[in-house]
Amino acid sequence: MPVQHLLTELLLDCSDVAVPEFRYDLLELMSTPGTEAEGFGAGVAARQSARQHVGKILSAVNEHPDPTVVLRNLCTALSQLAGPSRVLPWIELVVLVLTEDETPVADLVLRTVRLLWRDAERSMPPSRVMRCAARCSVTTSTGERPTLSTTLLRLVDRHGADRLSTLGLFLAGVADELSDSAPALAHELTKILGEARLVTRAQHGARAPAGSRLIVQIRIEPQGPAHLDAEHLLLRAAYYWQERPGADLQPAGVLAQPAVVPRGELTAKELADLVGWEQLTADVGRAAGNVRFEVLLPLELLGYEAELWKLDPNETPLGQHFPVVVRSLERYRSRYMNAAPWRHRWDRLMDSLAPQTGDRDGNTVVDTAASDGTTRQGEPAKDCDALAGIQWPVRELQSPADLAAWLLKNPDVACLGLIAPYDELHPDARTAVKDALFMEGVPVLLWRRTSGDHQELVSALRRCHTISLPELPEAVLWVRRESRHRPQDDVGRHITLLWDDPYCVHTAQDSLFEGMT
């Protein structure tokens, strides 16, 4: 058996194996009556030395007509006799690949086990293992503290044509995590991946490409069935690298275990307590400030003050450090919605085209409150003023049919401003907003959370002298920072921006979370 030495060292690391009676019981359980392994233990000469006895056992396994059965019995016997053990998953991993036909997988795993089993887990706490596992869409159960060995075992036990590349992706993440705490191990593991010709595929997603933005998506949703009035909210979070706007998201990690928060206590919680902020620290540093937080909310909670979360000892709100936007959770998760209008309007926004509210012939039914406070009917926005691209429906917001009709005639409109706080909208206006999001594909909404003239919000944005609609999250961040020393009722301290990028969607996000399908 070419891996006899490795299995010997693994077995001897199990403290119970040092006891002769334990080894005799082990042999008895390995010799299952009625199977190919019946009588196996009778042919193994007893030895007082644990190392010599284990060597005899493994030599007998190697000479047995069906070593696969005996090896599997070895794992079963160990789990029954020794109970939970740090080394048992490593033994199970070696036995699993020895019974596999795929030589590349077996070679990679055996070399990895030889390198990592003694020391790597000291440098790979559960939080780091979870971050690597998220790159491969490997989920963990609530309360589980995954180890390097148990996660490798789960990966190797998967089936599919991409098993080898997925394993390489995970191990590249491990090498990345070990680079600071165990650089020698990281170097050797990278060398193993290179010799297995997995470096190119594995490193994709392990390190962020230069200039990538870190996208942190925090989901807040009712706990339990959607049709029930849930008293508690469930918080889940995942984060991604995005190489450039419009590029595919590259999963980077899942934050801690889901948190359950009483609905009334949500605003009192700190982000660090809710979603395990410490797991993000390294990647936030790598992003060099290029970070955006997206809080995915059900429609009923769109008015939530997401940017006011505090995450550091200085008690400064998150929204004064990074752009914090809200998104529609329902639209994000929808798999049957026609996304064409959503993407079209977003593309026009990114092209910085100033949309028109109607034509000179009066073929429009909407009144919009312009940025100077006047009301214009069917008048084009001015190209020289980026804020003129934000349309403020007045009368039509009260009628879903009227707003929909206007949006149909104006397919390039991408940003709507609400003239009243979202939480204070009439039910018909709420319906109009929902229809604008789901049916007409409006990607951006802006409003002040306190009652007052929307012109004050526009004026606050004008204080940021360099502004374009594609940079609206950064402009809102600038206003939030600039307003932090202003009076508490200043509009700059009460801005909500719904920024719903149709390309910044991980369609398999549910698979990252335990219990989701």
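User: Why does Arg331 count as buried?

Analyst: Its relative accessibility is 1%, and buried means under 20% relative accessible area, with exposed over 50% and partly exposed in between (1.4 Å probe, protein chains only). Arg331 is therefore buried. This is a predicted model, in which local features need pLDDT of at least 70 and side-chain atom pairs pLDDT 80 or more, while totals for chains, interfaces and linings use all residues. Residues are numbered from 1 along each chain as its sequence is written, and side-chain values use heavy atoms, without hydrogens and water.

User: What makes the charged end of Arg331 sit over the ring of Trp342?

Analyst: The charged end lies 4.4 Å from the ring centre. The term requires NZ of Lys or CZ of Arg within 6 Å of the ring centre and within 35 degrees of the ring normal.

User: What joins the side chains of Arg331 and Asp500?

Analyst: A polar contact of 3.1 Å. The term covers a pair of N or O atoms within 3.5 Å; within protein, one must be able to donate a hydrogen and the other to accept it, and residues adjacent in sequence count only if both atoms are side-chain atoms.

User: Why is the pair of Tyr304 and Trp309 called edge-to-face?

Analyst: The ring centres are 5.9 Å apart and the planes stand at 75°, so the pair is edge-to-face. Rings of Phe, Tyr and Trp (its six-membered ring) pair if their centres lie within 6.5 Å; planes under 30 degrees apart count as stacked, over 60 as edge-to-face and the rest as tilted.

User: Is Trp309 buried or exposed?

Analyst: Buried, because its relative accessible area is 2%.
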